Amino acid sequence: MKTSLELLPEHKREELKLITDHIVEQMQPDYVLLFGSYARGNWVEDEYTEDGILYGYKSDYDILVVTETKLDNALSNKWRELEKYVSQLHTTAPVNLIHHSWGYLKRELAHGSYFFIDVVKEGIILYDNGRNIDSPIAVPEFIDPEKVKARAKEEYDLWFESAGEFLIDFNNAFQRESYKKAAFELHQATERYYTALLLVFTGYKEKIHDIEELGSQVEAISADFKNVFPRLTPEQDERFKLLKKAYIDARYKKSYSISKEDLEYLSERVEVLRDLVKTKCEERIRK
């Protein structure tokens with residue numbers, strides 16, 4: 001793997017050193033790896049106007065933290081403290097941290113995970129404690145494409161079917177006029193359709209429930225998904241936010257409210273998502 005950050009401006013290198021130093025102090029990791037657009041050198045810092053609305057987009061600092069073991073209670077507490085610290089930094093790019101154990105990373109590479117193979121091929125080592133000098137991070141010499149295909153199909157079948165079940169549960173709740181429950185079920189269907197697509201195309205999905213972030217990851221795979229939840233009008237934006245918040249608020253907040261009309265609109269958009277996921281995933285598996 002690469003070790004040089006020379007492709008980045010000096011202020012970016014300084015920010016990454018600050019982040020890395022704190023990760024090392026907090027987590028005592030085996031590795032800290034920069035991946036994604038900042039590792040490839042094609043990061044984006046952009047502003048543009050569309051239909052009179054100013055939009056901004058900045059690529060994240062994508063960082064994989066690899067520890068010797070999984071997160072036990074003590075490490076989990078340290079990880080939460082690390083995430084809190086990073087969220088309060090005023091860096092020129094948002095910071096996206098993910099964690100996995102060394103054993104998990106090795107297994108995923110052996111299974112041919114597209115995501116982790118790209119991390120290794122394109123990534124930059126920000127820190128290496130030297131503990132694994134006899135078995136460094138590397139892409140396997142041979143990856144069985146049939147096994148990769150079989151795993152992708154297995155993940156697709158599991159998550160697409162699960163999403164469909166939540167869509168059935170949405171319709172049942174909607175018919176009973178239990179709109180808050182219907183909103184939660186619709187959120188879960190959305191999350192699972194996104195999960196199916198991510199697992200088929202990358203072999204990886206972060207442990208998050210934020211459908212806005214998941215949608216951004218899916219849009220990076222195919223721009224066709226940008227129109228699934230249009231947010232060009234205040235009404236469209238507000239309805240998407242209602243769906244996004246449904247994972248927590250629809251279950252636990254008395255103040256959460258969503259109308260029949262909101263749900264009718266959102267369910268139509270989720271059906272568009274379902275059909276697009278089905279088309280893209282089945283094409284990918286066939287290839």
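Modeller: Before the record comes in, note that UniProt positions are given in the numbering used here, that feature names are shortened, and that annotations may be inferred rather than shown by experiment. This is a predicted model, in which local features need pLDDT of at least 70 and side-chain atom pairs count only at pLDDT 80 or more, while totals for chains, interfaces and linings use all residues. Residues are numbered from 1 along each chain as its sequence is written, and side-chain values use heavy atoms, with hydrogens and water left out.

Colleague: Which residues does UniProt list for "domain: HEPN"?

Modeller: The unreviewed UniProt entry lists residues 160-280 under that name. Over that stretch the chain is 73% helix and 0% strand, with the end C-alpha atoms 12 Å apart; helices (H or I, at least four residues) and strands (E, at least two) are DSSP runs, numbered from the N terminus.

Colleague: And how many salt bridges are there?

Modeller: The count comes to 21, taking a salt bridge as a side-chain nitrogen of Lys or Arg within 4 Å of a carboxyl oxygen of Asp or Glu. One network of salt bridges links Asp210, Glu212, Arg231, Asp237, Lys241 and Lys244.

Colleague: How far apart are the closest N and O atoms of lysine 241 and aspartate 237?

Modeller: They are 3.1 Å apart, and because the two residues lie four apart in helix 9 (residues 234-245), about one helical turn separates them. Lysine 241 is partly exposed, at 35% relative accessible area, where buried means under 20%, exposed over 50% and partly exposed in between (1.4 Å probe, protein chains only).

Colleague: What about aspartate 249, buried or exposed?

Modeller: Aspartate 249 is buried, with a relative accessible area of 13%, whereas its salt-bridge partner, lysine 253, is partly exposed at 43%. Their closest N and O atoms are 3.8 Å apart.

Colleague: Switching topic, which residues form the negative surface patch?

Modeller: That patch is formed by Glu261, Glu264, Glu268 and Glu271; patches are made of residues with over 30% relative accessible area and no salt bridge, with like charges joined within 9 Å and nonpolar side chains (Val, Leu, Ile, Met, Phe, Trp, Tyr) within 5 Å. Glutamate 261 is found in helix 11 (residues 260-286) and is partly exposed, at 46% relative accessibility.

Colleague: And which residues form the positive one?

Modeller: Lys70, Lys106, Arg107 and Lys207 form the positive surface patch. Arginine 107 is found in helix 4 (residues 102-110), and its relative accessible area of 43% makes it partly exposed.

Definitions and conventions. Accessible areas come from the Shrake-Rupley method with a 1.4 Å probe; for residues, only the protein chains shown count as cover. Lys and Arg count as positive and Asp and Glu as negative; His and the chain ends are not counted. The place of a charge is taken as NZ of Lys, CZ of Arg, CG of Asp or CD of Glu.
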